[in-house]
Amino acid sequence: MIDCGEGAQRQMRRSRLSFSRLNHIFISHLHGDHCFGLPGLISTFSLLGRTAPLHIYAPQKLEELMLPWLHYFCHGISFSPVFHPITPENGFSVIYEDRSVTVYSFPLNHRIPCCGFLFREKATLPHIRRDMIDFLNIPVCEINNIKNGADWTTPDGKFFANNRLVYPADPPRSYAYCSDTAPLPENAEILQGIDLLFHESTFAESEILRAAQTFHSTARQAAEFARQARVKQLLIGHYSSRYNDESTLLDEARNIFPNTLAAKENMKIVL
């Protein structure tokens, strides 16, 4: 999960997402609309009998703010919230890694310390061609070797190159999340060519002065950043409540970057 505003639990239930599968939460900054849902979520996890640790990656101040609340309202909690401090000022850095994904943080330009997140999927091994395995009677114990690049020679000496035994895996996917921020063009270099970029678009260009005062971006500025970073797709969101119809912001962004979508509740995007 990235950020945890009020109503996070409600949206998880509406989306039929499993509470037990949520193990890592990334908090971009300590404004309420990005973290007020966290205390209630932790409390619910305890009521459900969770035992697995919950890892929370956030500015260091969050742990200090949360611990008194947890001690008072969640005495005897059934699991351990583990806080991992993030310092946006440290620049582009790895904050989490496992066998399938690497997560980076990078600084944004907001009224308080704030960071964005980049999720890069790791490349996977090629897929085995089941028809060739069956045709050549290749033993199961050799399949991993073939996935890792080995060729195969039959008992009667016929040679089969690796590219005849496998087909390429899907290319690794990437997603970046730029939370509350004024335009920061220097981040375009580290996000070059990613598959999907979420970039806040709080205001229309007509409110560019207000955007600058509050350290937010306009839809046009988000689109210009996406074009500069050569991303494949842009997703805009974090709209000001003054807009009853976000199509104004979407049209503004699409004039600069045509492959733009407007975020909506429970939206699902397949990469």
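Analyst: In this predicted model, the largest nonpolar core has 30 residues, and those touching the most other members are L118, L191, I194, L197, V231, L234 and I236. A nonpolar core is here a set of buried Ala, Val, Leu, Ile, Met, Phe, Trp, Tyr and Cys residues joined through side-chain atoms within 4.5 Å. Buried stands for a relative accessible area under 20%, exposed for over 50% and partly exposed for values in between, with a 1.4 Å probe and protein chains only. Two or more residues of this core come from each of β5 (101-107), β11 (174-178), α7 (219-229), β13 (234-237) and α8 (247-254). Helices (H or I, at least four residues) and strands (E, at least two) are DSSP runs numbered from the N terminus. Helix α7 gives the largest share, six residues.

Residues up to four places away in sequence aside, L118 touches F92, T102, V103, Y104, F106, Y175, A176, I190, L191 and I194, where contact means heavy atoms within 4.5 Å. A separate core of 21 residues lies apart from the largest one and includes L38, A58, M66 and L70.

Two remarks on conventions apply throughout. Residues are numbered from 1 along each chain as its sequence is written, and side-chain values use heavy atoms, with hydrogens and water left out. As the model is predicted, local features need pLDDT of at least 70 and side-chain atom pairs count only at pLDDT 80 or more, while totals for chains, interfaces and linings use all residues.

In α7, the buried residues are A219, Q221, A222, A223, F225, A226 and A229. They pack against β12 (196-200), α6 (208-214), β13 and α8. R230 follows α7 and has a positive phi, near 55°. In the loop between α7 and β13 lies Q233, which is buried at a relative accessible area of 17%. Beyond its neighbours within four places in sequence, Q233 contacts D195, L196, L197, F257, N259, L261 and I269. From Q233 to L271 the C-alpha distance is 9.6 Å, although 38 residues separate the two in sequence.

Three strands make up an open sheet with parallel pairing, in the order β1-β2-β3. Strands are taken to pair if DSSP finds at least two bridges between them. The edges are held by β1 and β3, each with a single partner strand, so one side of each has no neighbour in the sheet. On average, neighbouring strands are turned by 20° against each other, direction ignored; axes are lines fitted to C-alpha atoms, for helices over the stretch in contact, and angles run from 0 to 180 degrees between N-to-C directions. Helix α2 packs on the sheet and touches β1, β2 and β3, its direction making about 170° with that of β2. Helix α3 also packs on the sheet, touching β2 and β3, and its direction makes about 155° with that of β3.

Strand β2 (residues 54-59) is largely enclosed by the rest of the structure, because five of its six residues are buried. Strand β1 (residues 24-26) pairs with β2 in the parallel sense over three bridges, and I25 stands opposite I56 in β2. From β1 the chain crosses through helix α2 (residues 38-47) to β2 in a right-handed β-α-β crossover. Right-handed here means that, with the strands pointing away from the viewer, the path from the first strand over the helix to the second runs clockwise. Strand β2 and strand β3 (residues 81-86) run parallel and are joined by six bridges; L54 has P81 of β3 as its bridge partner. A right-handed β-α-β unit is also made by β2, helix α3 (residues 61-73) and β3.

Helix α2 is itself mostly covered, with seven of its 10 residues buried: L38, P39, L41, I42, T44, F45 and S46. Their cover includes α1 (8-14), β1, β2, α3 and β3. Just after α2, G49 adopts a positive phi of about 80°.

For the protein as a whole, buried residues account for 44% of the 271 residues. Of the contacts between residues at least 6 apart in sequence, 65% join residues at least 24 apart.
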